[in-house]
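Please keep the sequence and the coordinates at hand while reading the points below.

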Amino acid sequence: MTSKPPFTKILVANRGEIAIRIMRACKELGIKTVAVYSEADANAQHVQLADEAVLLGSAAPKESYLNADALIRAALDSKADAIHPGYGFLSENAAFAAAVESANLTFIGPSPDSIRAMGDKAEAKIAMKEAGIPTVPGFEGLESNNDFKKAAKEIGYPVLIKASAGGGGKGMRVVNAESELSDAIESARSEALNSFGDERLLIEKYLADAHHIEFQIFGDKHGTLVHLFERECSVQRRHQKIIEETPSPLLTPELREQMGQAAVTASKAVNYFNAGTIEFIFDPTTSQYYFLEMNTRLQVEHPITELTAGIDLVQWQIRIAAGEKFPFAQNDFHQHGHAIECRVYAEDPANGFLPSTGSLLQFIEPHGPGIRVDSGFSTGSEVNHFYDPLLAKLIVHAENRDAAIQRMQTALSEFIVHGVVTNIDFMQAVMAHEDFANGKVSTRWVEKTLLSSSKLLDNRQHTLNGHLAVGLQNLIAAALADVVFVGSRSQSAVSNESDPFNPWKQTKSYRN
Amino acid sequence: MEADEELPKLTMKINFDTQTLEINPSGDNYVASVDGKTVSVQIVRVDTIHGRMDLLIDGERVTAYVSSDMAKRWVTINGHTMMLTKTSGAKQGVRHDHAGGLIAPMPGQVRSVSVSVGDIVKKGQTLLTMEAMKMEIRIQALKDGKVKSVFAAQGQTVEREQILIEMEE
């Protein structure tokens, strides 16, 4: 590492675990940090960790973390020389990246042109076809329902309709038969218009039992660009990832080499630099892979690549943005061991994975060899409905896949979250499932397989269903807590006045 | 209660959801019974900061984490978390689930309300849209009918299970 820090001060235009992750990298590089926050986040951890903090506006993302003008003003006022966008919010907004550069600040990410080229799914798909990258059979630029009907017939049902400007599963509809087509087009259009201000749609073959396998790529501004292997991200709900791992149990060394090369070619086609991810759809029956999209930013699941490839992606993002040369070649990288990430969400699997909000009464993270937790919450934190319900990323690294699964099971069982419902028990059920053990989880597996056995989803039903062995221990613990925690600082507020049914309260009155 | 005061020595009945637990002191330990099943309980260690108790229940070592929020108790044992609700012990009434009412499935903000009182709606028709945590949620009519009341307005923040729209029976 050079002795001089690549920047003096970086504004982190994000919140939660990723803001904290970036600030840690800055600290290690000797760079000062500026946090930004909304009124709802005044006491958030990322604000406490930064050297300075700037209030952006009210809780609504539009007024705060999506407010480009306020962010750039905050960077200039605090004399920061660069902005790291994290993921989500403005991270893939080409206009923001351009505005940052116009303000003589460095945007830590790719060029606005690269973001623009990959941001539109339809245009990206066309560019990839030209670069010789396999894409899912389909059509772009259709308008009338009739055109869609004809296209769907040619592709063959089921088909997938999705927003050209889309992302995150929005404006996306699976259509199984022609009778559903016009409704799907209409609702996808309105969702696309609402979410992206752009109602254009594309249509393609829906690959029902496909896997989602993506490749991390990394490049500098001097023409070096490598891939850092794959991440298997097929455990999804609502088209969003919840568990990721690397290496993928499906890839042979030959396929890995081929897909890695395709990812590098795809990235070079848009003159890419900094961290990015090429997402592929992988059909396990044919071993065919198809370009899905490129994420022109750091991914949520970047830690599993960091652990197995042995590189600090965020530090290198910063150094590359400052113009440093990336000193490694493709041959310098190898996959070491196996890593898995579980995204701990404040959401209720038994209630359609809908978010759960509230105050964290207890938040205890697991510790141990090979366990990494990237989180933005602690006991007492508020989980509100304004932002993504990601509480923490639990990441494990071990010698091989079996050992990593075991390590994850132990770590999940030691992760205690009270106050909001989480998906921890649900992920435990996935880890213990033979389909996961066999690497047979496709992107529709959660809805197809796991949701059908509802007892996996809701532990609270155990007591109702009379699973006495489990229920009794819980009842005893809950009852004794009222006795043994009385008078302790954290529980005193609830042990008496606010609990109308507290029998110990009566005890006291008898004795007085 | 003072920390050094000894623990209560009375027989206690505590109701959680539909179950009643009885705890009796027995020497330095306790005897707990529910549904006629009786077990011995010994408190081995208590960590108040983390809400952790190490217990011996019928000789089995059990580590439990418990948090309290009003009448709710969050309990984690062996990595599994449950939520119990303390009740008065009176027989629980049938849960009023607002058969004709449409409730918010999650906390969020009302983006639009597309019906008003007296409107005739068809099954599946979108009556209201909400937004929360980057998701759009459509509240749709469960059957054909007439709108009786509208309790939500555009821009309003609503809690989970809050009634948004009521239909005539």
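In chain B, the strands β4(B) and β5(B) make up a hairpin in which four residues lie between them, and G51(B), located in the turn, has a positive phi of about 60°. The model discussed here is a predicted one. The points below follow the strands of chain B from this hairpin onwards, and then turn to a sheet in chain A.

**The β4 and β5 pairing in chain B**

- Strand β4 of chain B covers residues 37-47 and pairs with β5(B) in the antiparallel sense, with six bridges between the two.
- Within this pairing, Q42(B) is the residue that stands opposite L56(B) of β5(B).
- L56(B) also has a bridge partner in β6(B), namely R61(B), so that Q42(B) and R61(B) are both to be looked for when L56(B) is inspected.

- Strand β5 (residues 52-57) and strand β6 (residues 60-69) of chain B run antiparallel and are joined by six bridges.
- R52(B) stands opposite Y65(B), which belongs to β6(B).
- Two residues separate the strands of this hairpin, and D58(B) adopts a positive phi near 55° there.

- Six bridges connect β6(B) with strand β7 of chain B, which spans residues 72-77, and the two strands run antiparallel.
- V66(B) is found opposite V75(B) of β7(B).
- The hairpin formed by β6(B) and β7(B) has two residues between its strands, and in its turn M70(B) shows a positive phi of about 55°.

**The eight-stranded sheet in chain A**

- Chain A holds an open sheet of eight strands with antiparallel pairing, and the strand order reads β14-β13-β10-β11-β12-β15-β22-β20.
- The edges are taken by β14 (288-295) and β20 (371-375) of chain A, and because each has a single partner strand, one side of each is left without a neighbour in the sheet.
- Direction ignored, neighbouring strands of this sheet are turned against each other by 25° on average.
- Inside the sheet, strand β11 (residues 225-237) and strand β12 (residues 240-246) of chain A run antiparallel and are joined by four bridges, and E232(A) stands opposite E245(A) in β12(A).

**A helix across the sheet strands in chain A**

- Helix α11 of chain A, made of residues 313-321, lies across β10 (211-219) and β13 (274-283) of chain A, and the helix runs at about 125° to β13(A).

Key: Residues are numbered from 1 along each chain as its sequence is written. Chains are lettered from A and ligands numbered from 1 in the order in which they are written. This is a predicted model: local features need pLDDT of at least 70, side-chain atom pairs count only at pLDDT 80 or more; totals for chains, interfaces and linings use all residues. Two strands pair if DSSP finds at least two bridges between them. Axes are lines fitted to C-alpha atoms, for helices over the stretch in contact, and angles run from 0 to 180 degrees between N-to-C directions. Two residues are in contact if their C-beta atoms, placed from the backbone, lie within 7 Å.
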